Amino acid sequence: MTRILILTDYRGTFYSTARTRHGLCTMDLDRITTHFSEAGLRPEVVRFVDLDLTEDLSGVPVLYTSSEDEGLHYKSWIEDLVLALETRGAWVIPGYRYLRAHHNKVMMEALRAQLFPRAARRLGTRTFGTFEELAATVLDGSWPKVLKSAHGAGSQFVARAGDHHELLRTARTLSRTHDRREAAREHGRRLLRRDHHARSLHRQKFLVQAMIPGLAGDFKVLRLGERYYTLYRRNRAGDFRASGSGDFDFHDMAGVDRDALLDYAEQVSDALGTPLTSMDIAHDGTAFHLIEFQCLHFGTVTAENSTGYHVRRDGGWGYVEETCDIEAVFCEAIVGHLRQHRPTPLGPSPAAPVPTRSATPLPSTY
Ligand SMILES: Nc1ncnc2c1ncn2[C@@H]1O[C@H](COP(=O)(O)OP(=O)(O)OP(=O)(O)O)[C@@H](O)[C@H]1O
Ligand SMILES: [Mg+2]
């Protein structure tokens, strides 16, 4: 039987769900292991801290949780371990680059630039490691622009800048890293040392991109295996931001063709090649825009509170009414992914890591 490793954090949690169990927001691991066993797999739940990196895990599928802890300290440890596993040939799902892009808009934009170059050029996203780098840059394109800190969810640290002056003012605040001691030491050096090259006190990475005009909201589309769930989020009142507004609608399509939205979501998620994808998609009246994507540990309200899911059927789209059992849907997506990439799961483990679905750029229209 094929082993599958499930790595959990220090609280024993794995991913998140819309419900809480014993005060923890986690998927139910008992149900996950039952589903995997029924599918003929041999699940093993292991905490990151108990992971044995000397073990040969070549070709072994590994699912792992991520973290959104303040400062991303714990997440950086998870990144070390997952990268080590992937380097050694374990089949980490999703690949390390998507973990790196979780809760990290700068990395997400870097992946977008490679996977969807045309869309990336349209937004003209520039990323910065320090405020000073922005201050020394002449930005192309029209105003207003959108400024985003690498971390932050629910539109926290996402701001509009009407002109260059406003952009610098907001970016300065957003990128601030120093405490009083660091600032005092650095200002002292700047005063006393003639040959001192100033060190930045603003090193929280961030990005600047074009503002897509005229959006009244965006769509959250979750693709879990073959199931697609959609939700429309209206902007907050008098604001350009939809995420975090809490104003959801499972049926309103805001005049957008649902099949076209699903076609677009399919193309984006196919290109990402992961079994689980969360996408924020906007439509400007003419074209779709990918605002954001995540491939693990994302919010599941769109699926869990839905009345059913969309599925590709005879070249079009069908709708199946169903109360979402999130653990069952999660496991089905993973099992489908394993089957697709390794059709004989009981055969010997391949010597080399099995790549996730090929990450190919979208057709040139995107
Ligand atoms: N380039 C853009 N042009 C216009 N509106 C944008 C743009 N980028 C983001 N928005 C709006 O701002 C909202 C928040 O942006 P984004 O999704 O990137 O960050 P977030 O909500 O903080 O992240 P998360 O979805 O992880 O909570 C989006 O829902 C969208 O309404
Ligand atoms: Mg978002």
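Biologist: With 366 residues in the protein, what radius of gyration does the chain have, and what would a compact globule have?
Modeller: This is a predicted model, and every value that follows is computed from it. For 366 residues a compact globule would have a radius of gyration near 21 Å, and the value for the protein agrees with that expectation. Along its principal axes the C-alpha trace spans about 70 × 55 × 45 Å. The radius of gyration of the protein itself is 22 Å.

Biologist: How many helices and strands make up the secondary structure of the protein, and what share of the contacts joins residues at least 24 apart?
Modeller: The secondary structure comes to 11 helices and 15 strands. Counting contacts between residues at least 6 apart in sequence, the share that joins residues at least 24 apart is 67%.

Biologist: Which residues coordinate the magnesium ion, ligand 2, and at what distance?
Modeller: One of the partners, Asp280, lies in strand 12 (residues 276-283), while Glu292 lies in strand 13 (residues 288-294), so the pair ties together parts that are 12 residues apart in sequence. The ion is coordinated through OD of Asp280 and OE of Glu292, at 2.1 Å.

Biologist: Are Asp280 and Glu292 buried or exposed?
Modeller: The cut-off for a buried residue is under 20% relative accessible area. Asp280 has 3% relative accessibility and therefore falls below it, and Glu292, at 19%, does so as well. Asp280 counts as buried, and Glu292 likewise counts as buried.

Biologist: Where does Arg112 lie, and which residues does Arg112 touch beyond those up to four places away in sequence?
Modeller: Arg112 is part of helix 4 (residues 105-115). Because its relative accessibility is 1%, Arg112 counts as buried. Setting aside residues up to four places away in sequence, Arg112 touches Pro117, Ala120, Leu123, Gln209, Leu290, Ile291 and Phe293.

Biologist: Leaving aside neighbours within four places in sequence, which residues is Ser149 in contact with?
Modeller: Ser149 is found in strand 6 (residues 145-149), and at 2% relative accessibility this serine counts as buried. Apart from neighbours within four places in sequence, the contacts of Ser149 are Lys105, Phe157, Leu174, Lys205 and Phe206.

Biologist: How many positive and negative side chains does the protein have, and how far apart do the centres of the two sets lie?
Modeller: The protein has 46 positive and 46 negative side chains. The centres of these two sets lie apart by 7 Å.

Conventions
Residues numbered from 1 in each chain as written. Chains lettered and ligands numbered in written order. Predicted model: local features only at pLDDT ≥ 70, side-chain atom pairs only at ≥ 80, totals over all residues. Heavy atoms only, no water. Helix = DSSP H or I, 4+ residues; strand = E, 2+ residues; numbered from the N terminus. Rg over C-alpha atoms; globule rule 2.2 N^0.38 Å. Contact = heavy atoms within 4.5 Å. Lys, Arg positive; Asp, Glu negative; His and termini not counted. Charge placed at Lys NZ, Arg CZ, Asp CG, Glu CD. Donors = N, O, S within 2.8 Å, 3.2 Å for Na, K, Ca; no water. Buried < 20%, exposed > 50% of the residue type's maximum accessible area, 1.4 Å probe, protein only.
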